[in-house]
Amino acid sequence: PSLKNRSRLRQHWTDNVHGCLLLVLGDKLGSDPAPSLAGLLSSLAEVAGDAGANAPWDLVDLDIQGDELPVLRESLGRLGPLARRLHVSTHGRQMHWEIVGKLRDAGWQVLFDYPPLAVANIGAYGPFLARDGHISAV
């Protein structure tokens with residue numbers, strides 16, 4: 001379903017994924033004043049009520065079109081108790097490597113990282129051309 005049609009996305013989620021809570025944040029982290037990622041996750045936990053108030057999020061997926069580094073600089077230290085897995089899409093090679101280093105320095109285990117504008121060999125699947133970078137950490 002189209003991600004722009006939230007009612008179709010919500011119905012698709014309800015029909016196909018049971019026992020999970022999906023919340024999609026449409027606010028811009030880069031707005032002025034920019035909300036913190038940790039603050040947004042805490043607010044989402046309140047919205048989730050009993051389903052999210054006392055447990056960390058299983059996945060936090062950041063694709064914020066170049067603002068990943070400033071957001072993570074501000075919020076990374078508080079993400080540990082709020083998220084079990086972090087997936088970050090990056091939009092610049094220097095930014096990508098700095099985020100990988102910051103994640104490792106903060107105690108996250110980087111499971112994989114594919115820098116932007118690179119070709120990675122993914123085992124039996126062969127070459128993968130990444131326009132955006134991808135980092136997955138636990």
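Predicted model: local features only at pLDDT ≥ 70, side-chain atom pairs only at ≥ 80, totals over all residues.
Colleague: Why is α3 called roughly parallel to α4?

Modeller: The axes of helix α3 (residues 68-79) and helix α4 (residues 93-105) come within 10 Å and cross at roughly 15°. Such axes are lines fitted to C-alpha atoms, for helices over the stretch in contact, and the angles run from 0 to 180 degrees between N-to-C directions. Angles under 35 degrees count as roughly parallel, over 145 as roughly antiparallel, 65 to 115 as roughly perpendicular and the rest as oblique, so the angle here makes α3 roughly parallel to α4.

Colleague: What is the handedness of the crossing of α3 and α4, and which residues make the contact?

Modeller: The crossing is left-handed, a word used if the near helix is turned anticlockwise from the far one by less than a right angle, whereas clockwise would be right-handed. The contact (heavy atoms within 4.5 Å) is made by E68, L69, L72, R73 and L76 of α3 together with M95, E98, I99, K102 and L103 of α4. These residues divide into six nonpolar, no polar and four charged, where Ala, Val, Leu, Ile, Met, Phe, Trp, Tyr, Cys and Pro count as nonpolar, Asp, Glu, Lys and Arg as charged, and the others, Gly among them, as polar.

Colleague: How do you know that A137 is buried, and which residues does A137 touch?

Modeller: Buried means under 20% relative accessible area, exposed means over 50%, and partly exposed lies in between (1.4 Å probe, protein chains only). A137, found in strand β6 (residues 133-137), has a relative accessible area of 0% and is therefore buried. Leaving out residues up to four places away in sequence, A137 touches R84, R85, L86, L103, W108, Q109, V110 and L111.

Colleague: Why do A83 and R84 get the labels they have?

Modeller: A83 lies in strand β2, and its relative accessibility is 5%, so A83 counts as buried. R84 is found in strand β2 (residues 83-90) as well, but at 45% relative accessibility R84 counts as partly exposed.

Colleague: Which residues do A83 and R84 contact?

Modeller: Not counting residues up to four places away in sequence, A83 touches P56, W57, V60 and W108, and the C-alpha atoms of A83 and W57, 26 residues apart along the chain, are separated by 4.6 Å. With neighbours within four places set aside, R84 is in contact with P56, W57, D58, W108, A137 and V138.

Colleague: Why is the pair of Y114 and F128 called edge-to-face?

Modeller: Rings of Phe, Tyr and Trp (its six-membered ring) pair if their centres lie within 6.5 Å, and planes under 30 degrees apart count as stacked, over 60 as edge-to-face and the rest as tilted. The ring centres of Y114 and F128 are 5.7 Å apart and their planes stand at 65°, so the pair is edge-to-face. Y114 lies in strand β3 (residues 110-114) and F128 in strand β5 (residues 127-130), so the pair ties together parts that are 14 residues apart in sequence. Ring pairs link F112, Y114 and F128 into a cluster.

Colleague: What makes the phi of L117 worth a remark, and is L117 buried or exposed?

Modeller: Most residues other than glycine have a negative phi. Phi of L117 is near 55°, a positive value in a residue other than glycine. L117 sits in the loop between β3 and β4 (118-121), and at 65% relative accessibility L117 counts as exposed.

Key:
Residues numbered from 1 in each chain as written. Heavy atoms only, no water. Helix = DSSP H or I, 4+ residues; strand = E, 2+ residues; numbered from the N terminus.
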